[in-house]
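Here are my notes on this one, as numbered points. Have the model open while you go through them.

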Amino acid sequence: MKLFKITLLVLISLTILGCGAYSFTGASIPASTKTFQVNYFQNNAILVEPGLDRQFTLALQDLLLNQTNLELVTSNGDLVYEGEITEYRISPTTAQADNTAAQNKLTISVNVRFYNKKNEEDDMEQRFSFFYDYAGDANLVGAQKTTAIEEIFERLTQDIFNATLAKW
């Protein structure tokens with residue numbers, strides 16, 4: 001009985017490992033695709049937040065490293081991500097009776113160009129945007145700003161991953 005369980009476990013493992021194009025993240029990456037590169041995302045927003053461009057570039061690299069088995073390269077990647085940050089905006093979303101904001105919104109948008117050198121039909125250019133709401137009487141500084149940017153980047157990078165590799 002014990003030998004049967006071990007044999008069954010080995011067969012199931014081999015079956016799962018044999019399906020190289022399958023990923024538990026939902027990505028469908030052909031076995032011939034081995035590398036990716038993320039070019040520097042320049043900050044072209046009207047309101048420039050220092051360091052935001054580097055933070056976003058690293059966040060996208062980290063997500064792809066964590067959710068795929070692809071190798072990060074600096075040139076000649078099978079998959080190439082490039083683009084720019086096009087918007088960093090703080091705006092009031094709701095007003096109070098005394099003409100002050102009850103809630104504010106930080107919005108960050110990026111324009112992404114994706115190139116798949118193994119399958120050019122997958123190439124795309126798309127704008128991605130997400131926001132973070134915070135109290136109107138709060139200043140977006142320190143830990144609150146860090147949290148806001150991290151949450152926005154988490155959503156943006158996952159949306160980019162889904163659009164380019166998971167095809168959602």
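1. Asn 116 sits in strand 5, residues 101-116; helices (H or I, at least four residues) and strands (E, at least two) are DSSP runs, numbered from the N terminus. Asn 116 counts as buried because its relative accessibility is 6%, where buried means under 20% relative accessible area, exposed over 50% and partly exposed in between, with a 1.4 Å probe and protein chains only. Leaving out neighbours within four places in sequence, Asn 116 is in contact with Asp 78, Leu 79, Asp 122 and Asp 123, contact being heavy atoms within 4.5 Å. Asp 78 is 38 residues away from Asn 116 in sequence, yet their C-alpha atoms are 6.1 Å apart.

2. A word on provenance: this is a predicted model, where local features need pLDDT of at least 70 and side-chain atom pairs count only at pLDDT 80 or more, while totals for chains, interfaces and linings use all residues. Residues are numbered from 1 along each chain as its sequence is written, and side-chain values use heavy atoms, with hydrogens and water left out.

3. For the overall layout, the chain has 3 helices and 6 strands, in the order α-β-β-α-β-β-β-β-α from the N terminus on. Of its 168 residues, 38% count as buried. Among contacts with a separation of 6 or more, 67% come from residues 24 or more positions apart.

4. Now the loop residue to check: Asn 76 is in the loop between strand 3 and strand 4 (79-95). Asn 76 isn't a glycine, but its phi is positive, about 60°. Most residues other than glycine have a negative phi. With a relative accessibility of 64%, Asn 76 counts as exposed.

5. On to strand 1, residues 35-38: Thr 35 and Gln 37 point one way, Phe 36 and Val 38 the other, and all are buried. Strand 1 runs parallel to strand 3 (residues 71-72), joined to it by 2 bridges; two strands pair if DSSP finds at least two bridges between them. Phe 36 has Leu 72 as its bridge partner in strand 3.

6. Setting aside residues up to four places away in sequence, Tyr 40 touches Asp 53, Arg 54, Thr 57 and Gly 83. From Tyr 40 to Leu 58 is 18 residues in sequence and 8.9 Å in space, C-alpha to C-alpha.

7. How do helix 2 and helix 3 cross? The axes of helix 2 (residues 52-67) and helix 3 (residues 142-166) come within 10 Å and cross at roughly 50°, so helix 2 is oblique to helix 3. Axes here are lines fitted to C-alpha atoms, for helices over the stretch in contact, with angles from 0 to 180 degrees between N-to-C directions. Angles under 35 degrees count as roughly parallel, over 145 as roughly antiparallel, 65 to 115 as roughly perpendicular and the rest as oblique.

8. Which residues meet there? Among them are Leu 52, Phe 56 and Leu 60 in helix 2, and Ile 149, Phe 153 and Leu 165 in helix 3. Leu 63, in helix 2, is buried at a relative accessible area of 12%. Apart from neighbours within four places in sequence, Leu 63 is in contact with Thr 157, Gln 158 and Phe 161.
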